[in-house]
Amino acid sequence: NYVRENNLTAKQPDLLRDAFHSNMVRTYFNNFEVTKIEFFQRTEIRHWVDAIDRTHGIFKYRWGDAVLRYLTVALFAEKKQVLHRLD
């Protein structure tokens, strides 16, 4: 709904397309990660995070930070800005 209502085009549509399956949601393992704080402070990302907060889904459905970060990266980060390490 957020993407449609805000007329967004995902920066990484393949990640977004693959995010949801019938019995799971893709996520990152977050026992170690390196981020640029400035990325998450961008206006459009703050707007996204505020919209998530307004749903109370973090409390009602236990949406975790790793899932939300995955979706944030899929929506707002160019492929060249992200290094995925599978190992």
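Me: Helices here are DSSP runs of H or I with at least four residues, strands are runs of E with at least two, and both are numbered from the N terminus. What does the secondary structure of the chain come to under that rule?

Reply: The chain comes to 6 helices and 2 strands. From the N terminus on, the order is α-α-β-β-α-α-α-α. This is a predicted model, in which local features need pLDDT of at least 70 and side-chain atom pairs pLDDT 80 or more, while totals for chains, interfaces and linings use all residues. Residues are numbered from 1 along each chain as its sequence is written, and side-chain values use heavy atoms, with hydrogens and water left out.

Me: Where in the chain is confidence lowest, and where is it highest?

Reply: The scale is pLDDT, the predictor's confidence in each residue, from 0 to 100. Strand β2 (residues 24-25) has the lowest mean, 78, and helix α4 (residues 43-55) the highest, 95. Over the chain the mean is 89, and 99% of the residues reach 70 or more.

Me: What makes the radius of gyration agree with a compact globule?

Reply: The radius is taken over C-alpha atoms, and the globule rule is 2.2 Å times the number of residues to the power 0.38. For 87 residues the rule gives a value near 12 Å; the chain has 13 Å, which agrees. The C-alpha trace spans about 35 × 30 × 25 Å along its principal axes.

Me: Why is Gln-12 called buried?

Reply: Buried means under 20% relative accessible area, exposed means over 50%, and partly exposed lies in between (1.4 Å probe, protein chains only). Gln-12 has 3% and is therefore buried. Its place is in the loop between α1 (2-5) and α2 (13-17). Leaving out residues up to four places away in sequence, Gln-12 touches Val-73, Ala-74, Ala-77, Glu-78, Lys-79, Val-82 and His-84, where contact means heavy atoms within 4.5 Å.

Me: Into which class does Ala-66 fall, and what does Ala-66 touch?

Reply: Ala-66, in helix α6, has 11% relative accessibility and therefore counts as buried. With residues up to four places away set aside, its contacts are Thr-27, Tyr-28 and Asn-30. Asn-30 is 36 residues from Ala-66 in sequence, yet their C-alpha atoms are 6.4 Å apart.

Me: Which classes do Asn-7 and His-56 fall into?

Reply: Asn-7, at 70%, is exposed. His-56, at 43%, counts as partly exposed. Neither is a glycine, and phi is positive at about 50° in Asn-7 and about 65° in His-56. Asn-7 is in the loop between α1 and α2; His-56 is in the loop between α4 and α5 (57-60).

Me: What makes a set of grid points a pocket, and what makes a residue part of its lining?

Reply: On a 1 Å grid over the protein atoms alone, points where a 1.4 Å probe fits but cannot get out form a cavity; a pocket is an open set with protein on both sides within 12 Å along at least five of seven lines, and lining residues have an atom within 4 Å of a point. The second largest pocket has 17 lining residues, with Phe-20, Trp-48, Ile-52, Trp-63 and Leu-71 nearest its centre. α1, α4 and α6 each supply at least two residues of that lining.

Me: How does the lining of the second largest pocket divide?

Reply: Ala, Val, Leu, Ile, Met, Phe, Trp, Tyr, Cys and Pro count as nonpolar, Asp, Glu, Lys and Arg as charged, and the others, Gly among them, as polar. That lining divides into 13 nonpolar, 3 polar and 1 charged. For the largest pocket, the division is 13 nonpolar, 5 polar and 8 charged.
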